[in-house]
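Please look through the sequence and the model below before reading on.

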Amino acid sequence: MVEVFEKCLVIGLSLMLAASIYPPILNIISRICDSVSYDQLNILAKEVDRLIKLSRASKGVYSLSYIVSKDFNMFFEGSVLKIFYGGRVAYVGVYDFDIIVDDLRKGGDFVRILVIGEDSSVVVVIEDAV
């Protein structure tokens, strides 16, 4: 019984390590659990909000890697930053400075979100992760 448990533990840890190192495995796992829950979307929105506030304060560059489907979009309208993802909308935050969203994706599911703080605005770049 202990041997079976040890083998399962080793296999599970190996899969987790492989998934964290190799993005295509993450994409396969993403397709298995393709639907995005409301909680996952809120967690993503809070993380983007945290990076925006951090980059605005320090004028630095911060990144976040995430697995998304093709329908992931981010818009800044009327001082509100919104994320549209999986048929749902999440409000990231309301800001008194300009946020420029630049989507440079070419088709990948694994994206990197770069948040760049500048003097008068924050630039959010969505690009394919390599």
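This is a predicted model: local features need pLDDT of at least 70, side-chain atom pairs count only at pLDDT 80 or more; totals for chains, interfaces and linings use all residues.

Residues are numbered from 1 along each chain as its sequence is written, and side-chain values use heavy atoms, with hydrogens and water left out.

Begin with the sheet. Helices (H or I, at least four residues) and strands (E, at least two) are DSSP runs, numbered from the N terminus. Four strands make up an open sheet of mixed pairing, in the order β1-β6-β7-β5. At its edges are β1 (61–67) and β5 (98–103), each of which pairs on one side only. From one strand to the next, the twist averages 15 degrees; axes are lines fitted to C-alpha atoms, for helices over the stretch in contact, and angles run from 0 to 180 degrees between N-to-C directions. Two strands pair if DSSP finds at least two bridges between them. Between β5 and β7 the pairing is parallel and covers six bridges. D103 is placed opposite I126 in β7.

Helix α3 lies across β1, β5, β6 and β7, and runs at about 165 degrees to β1. Contact here means heavy atoms within 4.5 Å. In strand β7, which spans residues 121–128, one finds S121. With residues up to four places away in sequence not counted, S121 touches R56, D98, I100 and I116. The relative accessibility of S121 is 6%, so S121 counts as buried; buried means under 20% relative accessible area, exposed over 50%, and partly exposed in between (1.4 Å probe, protein chains only).

Next come the salt bridges. The structure holds five of them, a salt bridge being a side-chain nitrogen of Lys or Arg within 4 Å of a carboxyl oxygen of Asp or Glu. One of them joins the side chains of E47 and R50, at 2.5 Å from N to O. These two residues are three apart in helix α3 (residues 38–58), and are therefore separated by about one helical turn. E47 is partly exposed at 26% relative accessible area, and R50 is also partly exposed, at 43%.

D49 and K53 form another salt bridge, with the closest N and O atoms 3.2 Å apart. D49 and K53 are four residues apart in helix α3, again separated by about one helical turn. D49 is buried, with a relative accessible area of 14%.

What do the side chains of R112 and E127 form? They meet in a salt bridge, 2.3 Å from N to O. Because R112 lies in strand β6 (residues 110–117) and E127 in strand β7, the pair ties together parts that are 15 residues apart in sequence. R112 counts as partly exposed at 32% relative accessibility, whereas E127 is buried at 16%.

Two local features remain. S79 is not a glycine, yet has a positive phi of about 65 degrees. S79 sits in the loop between β2 (73–77) and β3 (80–85), and is partly exposed at 29% relative accessibility.

The other feature is a nonpolar surface patch of about 320 Å², made by F5, L9 and L13. Patches are made of residues with over 30% relative accessible area and no salt bridge: like charges are joined within 9 Å, nonpolar side chains (Val, Leu, Ile, Met, Phe, Trp, Tyr) within 5 Å. Accessible areas come from the Shrake-Rupley method with a 1.4 Å probe, and for residues only the protein chains shown count as cover. L13 belongs to helix α1 (residues 2–21), and is partly exposed with a relative accessible area of 48%.
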